[in-house]
Amino acid sequence: MDVKSLLTERAQVEYADWSHQCDAVTVLGSEPPRVFVRSDLSPLRERFTLAHEWAHIELAWHVGSVGCHVDSVSHEEEYSIDGLGSAQEREANEFASRVLAPDRWLSRLTSEVSVFERATMKTLLDTLSEAEMSAHAGIIALSRHLLPGHALFVDESFAISQGTSWPGSPPISRTSVERYLENAVTVEEFTHQGRNIFWGLMIPQSILPASDRDIESDSRTPHEVLIDCCTRTFGEDSANAKAMSINGVVGGVTRDLDRGWHAEAIAAVVHDRVKARADLASILEDPDFIIYLYKKANAIVVKRASA
Ligand SMILES: [Zn+2]
């Protein structure tokens, strides 16, 4: 994809030097729009920045003069920073990442992967470099296709997959990254394009079952466990209604599953969504709720495998 030509067809592009932390400035509203690009960017960062600026021009609702520091995005609206400026930045990053690594190409690479291991991740990042993507642009693209719970860090930037807790506002310090990764189930570190990448699988400790045996030895169906939890937490009169609400949350999470999420990931996302619901969150304190989460998640995985 010749991003530079695409941009110069639509805008007046100039390279300039400046001292402040900014990769580019796009002035929308003039015809043609003007784009100032920092002249000392590395080739890959420049490529991503040009695609990002092109996004501001093509996305018709973007307005004003935007100073861009190409950093991080989340695909989870509820964790995003408020404000028009950051929404525009997130959209432009997402657009740029889709231009450089189209979903159709990327999903072919990831569709057969159900568990992401170190070697798989390295191969994917290497393939993304072949598409001339910087490490940061690569993790943004990859995060769209990863199972919930994945967090990837490159220097002060990061990208997280859907359903993953937000690590903080970028630029993020090394200390904050380390503190965040303390809650990870596994952490991998590797060098890619000369930069250190941390990759964590984030499943909150609070939702790990005490042991698999607790789940297997419990002979109740998921629904029976849920009703028991609801009865204890909300009282007998509301138990059925609350159980239905929780079923609704599970349905909402699993409806958009188009790939093989593992049971832990499903449990983690349902846990996150329930936590966000003021009317349901108190059920998380019931010790059996974890058993319900895993029984239900396992049932979904089994059902999907037989479909
Ligand atoms: Zn921007």
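**View 1. Lysine 295 counts as buried, with 24 C-beta neighbours inside 10 Å.** A residue is called buried if 20 or more other C-beta atoms lie within 10 Å of its own, exposed if 12 or fewer, and partly exposed in between, with C-beta atoms placed from the backbone. Lysine 295 is found in helix α12, residues 288-306, where helices (H or I, at least four residues) and strands (E, at least two) are DSSP runs numbered from the N terminus. Leaving aside neighbours within four places in sequence, lysine 295 is in contact with Ile215, Pro222 and Val225, a contact being two residues whose C-beta atoms, placed from the backbone, lie within 7 Å. Isoleucine 215 is 80 residues away from lysine 295 along the chain, and yet their C-alpha atoms are separated by 6.8 Å.

**View 2. The whole chain is a predicted model, shown with its confidence.** Local features need pLDDT of at least 70 and side-chain atom pairs count only at pLDDT 80 or more, whereas totals for chains, interfaces and linings use all residues. Residues are numbered from 1 along each chain as its sequence is written. The pLDDT, which is the predictor's confidence in each residue from 0 to 100, averages 82 over the protein, and 88% of the residues score at least 70. Confidence is lowest in strand β5 (residues 73-74), at a mean of 42, and highest in helix α9 (residues 222-234), at 97. Over residues 72-84 the pLDDT is below 50, and this stretch has 23 contacts in the model beyond near neighbours in sequence. The secondary structure comes to twelve helices and nine strands, and 36% of the 307 residues count as buried.

**View 3. Four strands form an open sheet of mixed pairing, in the order β1-β3-β2-β4.** Strands β1 (12-16) and β4 (65-68) stand at the edges with a single partner strand each, so one side of each is left without a neighbour in the sheet. Neighbouring strands are turned by 15° against each other on average, direction ignored. Two strands are taken to pair if DSSP finds at least two bridges between them; five bridges join β1 to β3, which run parallel, and glutamate 14 has phenylalanine 36 in β3 as its bridge partner.

**View 4. Strand β2 (residues 24-27) runs antiparallel to β4, with four bridges joining them.** Four bridges also join β2 to β3, and these strands too run antiparallel. Alanine 24 stands opposite cysteine 68 in β4, while in β3 its bridge partner is valine 37. In the hairpin of β2 and β3, which has six residues between the strands, glycine 29 takes a positive phi near 95°.

**View 5. The axes of helix α1 (residues 3-10) and α2 come within 9 Å and cross at roughly 35°.** Axes are lines fitted to C-alpha atoms, for helices over the stretch in contact, and angles run from 0 to 180 degrees between N-to-C directions. The residues making the contact include Leu6 and Leu7 of α1 and Leu50 and Trp54 of α2.

**View 6. Helix α11 (residues 263-275) has ten of its 13 residues buried, so it is largely enclosed by the rest of the structure.** Among the buried residues are Glu264, His271 and Asp272. At 1.5 Å a residue, helix α11 should span 18 Å, and its end C-alpha atoms are 18 Å apart, which agrees; the expected span is 1.5 Å times one less than the number of residues.
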